[in-house]
Amino acid sequence: MKLTGAEIIMECLLRENVDVLFGYPGGAILPTYDAMTKYPQIHHVLVRHEQGAAHMADGYARATGKVGVAIATSGPGATNLVTGIATALMDSSPIVCITGQVGRAAIGSDAFQETDVTGVTLPVTKHNYLVMDVEELAYTIREAFHIARTGRPGPVLIDIPKDVQIASTEFMYPDGEIILPGYQPPLEANADDVDAATKLINQAKRPVILAGHGIIMSSAMQELRELSERANIPVALTLLGKGGFPESHPLSLGMMGMHGSAACNWAIQESDLLIALGMRFDDRVTGNLDTYAINAKKIHVDIDPSELNKNVKVDIGIAGDLKTVIRQLLPQIQPSNHSEWIGRIRNWQEDANQRDIIHAETNSTLLAAQVINDLWKYTDGNAITVTDVGQHQMLEAQYYPHERPQTMITSGGLGTMGFGLPAAMGAKIGVPDQEVWAIVGDGGFQMTLFELATAVQENIDINIAIINNGFLGMVRQWQEFFYEERYHATPMHNPDFCKLAEAYSIPSMRVTNREQVEESVKFARSIKGPTLIDYVVEKHDIVYPMVPAGADLHNMILRPTTQTDEE
Amino acid sequence: MSEQESTKHTIMALVENKPGVLNRVASLFRRRNFNVDSLTVGRTHRPGVSRMTIVVDSQRADVRKIANNLYKLVNVIDVKILSDKPHVSRDLALIKVRTNNADSRNAVTTICERYPARIVDIGTEVAILEITAQEDVVEEMINQLQPIGIVEMIRTGIVAMGRGVRIHDTEYESPLSAIGSHKNGYHV
């Protein structure tokens, strides 16, 4: 059957089980938008800015494990995607972006809305394509989805000139094997590495597992749990690893790193063996590399060989799929209780508990940590939370424990403000039967708040919690600690968020004291469709503990034990 | 600058002969802050497969890190560090020297006899010499020629191959070449 390029795109998307596209039309992609009318099985969500489309595709991908798809026109449409693509790359999120390009004859002529999109996105995609021949289109799309979802997942962009969308050819779906000689993600560990790694694990007196996003992407939760429980090895999570190991589990240490729990960071620094699984020793996780876990041997398992020995020199580096590799390790792991080690960690945890702000008496002010912990309580810890970037994000990581994978969605690597709202919308579309909360700061929210219109148009049932302190709080925190309290360019003069919601016909509520939090959750849950809660919180709050950038991981700034200490 | 002597490493990469591959490799080196000494690329005996020889100064980045990152590129089929083991490496230079008197002509002829070099063009004012040799031999001849007067020079950069039966090849042929695309032939 002869089909146009545009129809081939839609046919291929159908075969990739794509049920939703996040996009924005424009001249160079119009043939494809026209072809969409013949494919009602694929729903199109009209965003208000292409960055939103990329973040929605990303949120959808992280909540479902499927590939998210964003579509945009040439030039500005495509360049607006870039922040979203870079976000997906840093967090290994599988998305495919389809962009229109000017006609082939016009490429290179500085035509209207022409940008070298494959050039612009080259460093922020896992791979990208410019399809110059309609004959190559179907195969390219298939390859793109394969690359996006396999190995270390990531964003793939396909740039398609307008006349390639219009040209027609005999359509035959290339359902044979994908031949990519230079792309063979590693799967399993070799026997020698398995022996060496298990030997180290069995000898260790003070082991810690560092579990990252890879656990979730490889669906290795059960395997991780078996490994941890069999030898009583405590598990520290990265920000993106949250959900990979139940935080209510006695062996959970919570989050590691710059704003990680103090007990967790001390355990890492004192350990004699780090077992790093699907994480990449980011600088926010290690602090000063020269003093990072200096007495520990290190085993690192990651599907991306270029991550091994990148930041931290390891004793055993295994490139492979985590689920497979942990299964290879398990039979040789000897039971152990590590009771002395666990006891030391319990003492550190006790100290942290005493400092915890949750137990602090508050007069009349609402504290962000309490809001988030109450959200956890009243949503039974069972919601999907999608955060933005900043203090509220770190507080979410500390005060909203997650028990299952794909329930905590956040921009970890790139730290993209404006991610929260659109990503939450994408997540909700992906898993409509789950409760989704966008937890955002007043700063980040305003970077993409125009997507409220999309939420209304699509009636996306998300609850938006604005943790509103009238400041760019995390920057303010750095100014307080490291710039002698010169709060330049961090106070925010905000609109009335409830009135703003009203303009979009979104039900809203303002919360100024802790007693109202429960009611606000009930209110948000009672409404089918988007709701917005403006939590007006203490302006001068600080996220503790904090490892200053580049400092030793064990040298954290801790919250004073009582409020009077602080003054 | 450090007093330490720089360590050069030679990497070979088999790549799919597709548009933008050179750009992808160059972009990788730039964004990972790896230093390239020389990079050459050319066809192989397999349609659709090109081969790069990349010489890096690994004082700033571990050569294995570079190789791992190169291999991560989808269009890179295989990567090997050649300088780990015995290998043959060659650099080609075209050097234009001033030969406007008998002394200089004699000197050039003598130098060419001492090196794997030959005169490929000569006129009343200048001559073009061609040398193909290991990089240090090329350097040495250039130094010899300096006093005579080099007026123009171009070097190809290093191409290298492992010695013996270590064969770096691929069975791969582009699936797209089978359906008649890449009509424009060679692009990197």
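Predicted model: local features only at pLDDT ≥ 70, side-chain atom pairs only at ≥ 80, totals over all residues.
Residues are numbered from 1 along each chain as its sequence is written, with chains lettered from A and ligands numbered from 1 in the order in which they are written. Local features need pLDDT of at least 70, side-chain atom pairs count only at pLDDT 80 or more, and totals for chains, interfaces and linings use all residues, while side-chain values use heavy atoms, without hydrogens or water.

Visitor: How many helices and strands has chain A?
Guide: Helices (H or I, at least four residues) and strands (E, at least two) are DSSP runs, numbered from the N terminus. On that basis, chain A has 23 helices and 20 strands.

Visitor: What radius of gyration does chain A have, against that of a compact globule?
Guide: The radius is taken over C-alpha atoms, and the globule rule is 2.2 Å times the number of residues to the power 0.38. The C-alpha atoms of chain A fill a box of roughly 70 × 65 × 40 Å along the principal axes. For 567 residues the rule gives a value near 24 Å, and chain A agrees, at 24 Å.

Visitor: What percentage of the residues in chain A is buried?
Guide: Buried means under 20% relative accessible area, exposed over 50%, and partly exposed in between (1.4 Å probe, protein chains only). Of the 567 residues in chain A, the buried ones make up 60%.

Visitor: Why is helix α11 of chain A described as largely enclosed, and how many of its residues are buried?
Guide: The buried residues include A:Cys264, A:Asn265 and A:Trp266. Their cover includes β9 (207-211), β10 (235-237), β11 (252-255), β12 (273-277) and α14 (339-355) of chain A. Helix α11 (residues 262-270) is largely enclosed by the rest of the structure because its buried residues number eight of nine.

Visitor: Is A:Gln477 buried or exposed, and what is its relative accessible area?
Guide: A:Gln477 lies in helix α20 (residues 473-482) of chain A. Contact means heavy atoms within 4.5 Å. Leaving aside neighbours within four places in sequence, A:Gln477 is in contact with A:His259, A:Gln391, A:Ile542, A:Val543 and A:Met546. A:Gln477 is buried, and its relative accessible area is 0%.

Visitor: What pattern does chain B follow along the sequence?
Guide: Chain B has five helices and nine strands. Of its 188 residues, 42% count as buried. Read along the sequence, the pattern is β-α-β-β-α-β-β-α-β-β-α-β-β-α.

Visitor: How many residues of strand β3 in chain B are buried?
Guide: In a regular strand the side chains alternate between the two faces of the sheet. In β3(B), B:Val49, B:Arg51, B:Thr53, B:Val55 and B:Asp57 point one way and B:Ser50, B:Met52, B:Ile54 and B:Val56 the other way, and all are buried. Strand β3 (residues 49-57) is therefore largely enclosed by the rest of the structure, its buried residues being nine of nine.

Visitor: Which residue of β3(B) is the bridge partner of B:Val41?
Guide: Strand β1 (residues 8-16) of chain B runs antiparallel to β3(B), joined by nine bridges, and B:His9 there stands opposite B:Val56. Strand β2 (residues 36-43) of chain B also pairs with β3(B) in the antiparallel sense, over seven bridges. The bridge partner of B:Val41 in β3(B) is B:Met52.

Visitor: Which residue takes a positive phi in the hairpin of β2(B) and β3(B)?
Guide: This hairpin has five residues between the strands. The residue with a positive phi, near 85 degrees, is B:Gly48.

Visitor: What is the relative accessibility of B:Val63, and does that count as buried or exposed?
Guide: B:Val63 lies in helix α2 (residues 63-72) of chain B. Leaving aside neighbours within four places in sequence, its contacts are B:His9, B:Ile11, B:Val56, B:Ser58 and B:Ile81. B:Val63 counts as buried because its relative accessibility is 6%.

Notes. Pairing = 2+ DSSP bridges.
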